[in-house]
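Please look over the sequence and the structure, and then read on.

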Amino acid sequence: MQYFILYKTTNLINNKIYIGIHQTKNLDDGYLGSGLAFKRALKKYGKENFKHEILKYCNSLEELLQEEKEYVTENWVNREDTYNLKTGGQSNGILSKDSKTKISETLKERYKNGEIIYHGKPYTPT
């Protein structure tokens, strides 16, 4: 059986929250979330310091995406206590101003350090 779930994962250290969606055949697959900010927090604090809760079961991916849109709004993304960097409903989300700044700074640093290659060679911004 395929499950379509909307979930909430809470950091037990700082109470920051991530809301996301997941498709799985195994509800005990250990999945806690995704996204850049959330993955960094998971690495920093360790899986044992996060609580995972299922908020809602859906009947299809379409229904699941709609639920995510309703939960992970622009207001949600702009809150200080969330790990979500863009609105819900797949890749068409709206990035918060803070998220845009963080992404820009990260990319500039990665280009500068040669971690990102542009047309076969390290990118040098002008």
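A residue is called buried when its relative accessible area is under 20%, exposed when that area is over 50%, and partly exposed in between. With 28% relative accessibility, aspartate 81 therefore counts as partly exposed.

## The chain as a whole

The structure shown is a predicted model. Its chain contains four helices and five strands, and these follow one another along the sequence in the pattern β-β-α-β-α-α-α-β-β. Of the 126 residues in the chain, 30% are buried, and the accessible surface comes to about 8500 Å², with 49% of it belonging to carbon and sulfur atoms.

Strands of a sheet pair through backbone hydrogen bonds, in either a parallel or an antiparallel manner. In this model, an open sheet of three strands shows antiparallel pairing and has the order β2-β1-β3. The edges are taken by β2 (17-24) and β3 (50-58), each of which has a single partner strand, so one side of each is left without a neighbour in the sheet. On average, neighbouring strands of this sheet are turned by 30° against each other, direction ignored.

Strand β1, which covers residues 3-11, runs antiparallel to β3 and is joined to β3 by eight bridges. As one example of residues paired across these strands, threonine 10 has lysine 51 in β3 as its bridge partner.

## Two helices across the sheet

Helix α1, made of residues 36-45, lies across β1, β2 and β3 and runs at about 145° to β3. Helix α2, made of residues 61-71, also lies across β1, β2 and β3, and its direction is at about 180° to β2.

Which residues of α2 are buried? They are Leu64, Leu65, Glu67 and Glu68, and because they cover an arc of only 160° around the axis, they are found on the same side of α2. These buried residues of α2 pack against β1, β2 and β3, whereas Glu62 and Glu70, on the other side of α2, are exposed.

## Salt bridges

Side chains of opposite charge can pair when their charged atoms come close. How many salt bridges does a search of the whole structure find? The search finds three.

In one of them, the side chains of lysine 8 and glutamate 53 meet with an N to O distance of 3.8 Å. Since lysine 8 lies in strand β1 and glutamate 53 in strand β3, the pair ties together parts that are 45 residues apart in sequence. Both ends count as partly exposed, lysine 8 at 23% relative accessibility and glutamate 53 at 27%.

Another salt bridge brings together the side chains of glutamate 67 and lysine 56, at 3.0 Å from N to O. This pair links distant parts of the chain, eleven residues apart, with glutamate 67 in helix α2 and lysine 56 in strand β3. Here glutamate 67 counts as buried, at 12% relative accessibility, while lysine 56 is partly exposed, with a relative accessible area of 30%.

A further salt bridge is formed by arginine 79 with aspartate 81, whose closest N and O atoms are 2.7 Å apart. Arginine 79 counts as partly exposed at 38% relative accessibility, and aspartate 81 counts as partly exposed at 28%.

How values were computed:
Residues numbered from 1 in each chain as written. Predicted model: local features only at pLDDT ≥ 70, side-chain atom pairs only at ≥ 80, totals over all residues. Heavy atoms only, no water. Buried < 20%, exposed > 50% of the residue type's maximum accessible area, 1.4 Å probe, protein only. Areas by Shrake-Rupley, 256 points an atom, 1.4 Å probe, with all protein chains shown as cover. Pairing = 2+ DSSP bridges. Axes fitted to C-alpha atoms, helices over the stretch in contact; angles between N-to-C directions. Contact = heavy atoms within 4.5 Å. Arc of directions from axis to C-beta. Salt bridge = Lys/Arg side-chain N within 4 Å of Asp/Glu carboxyl O.
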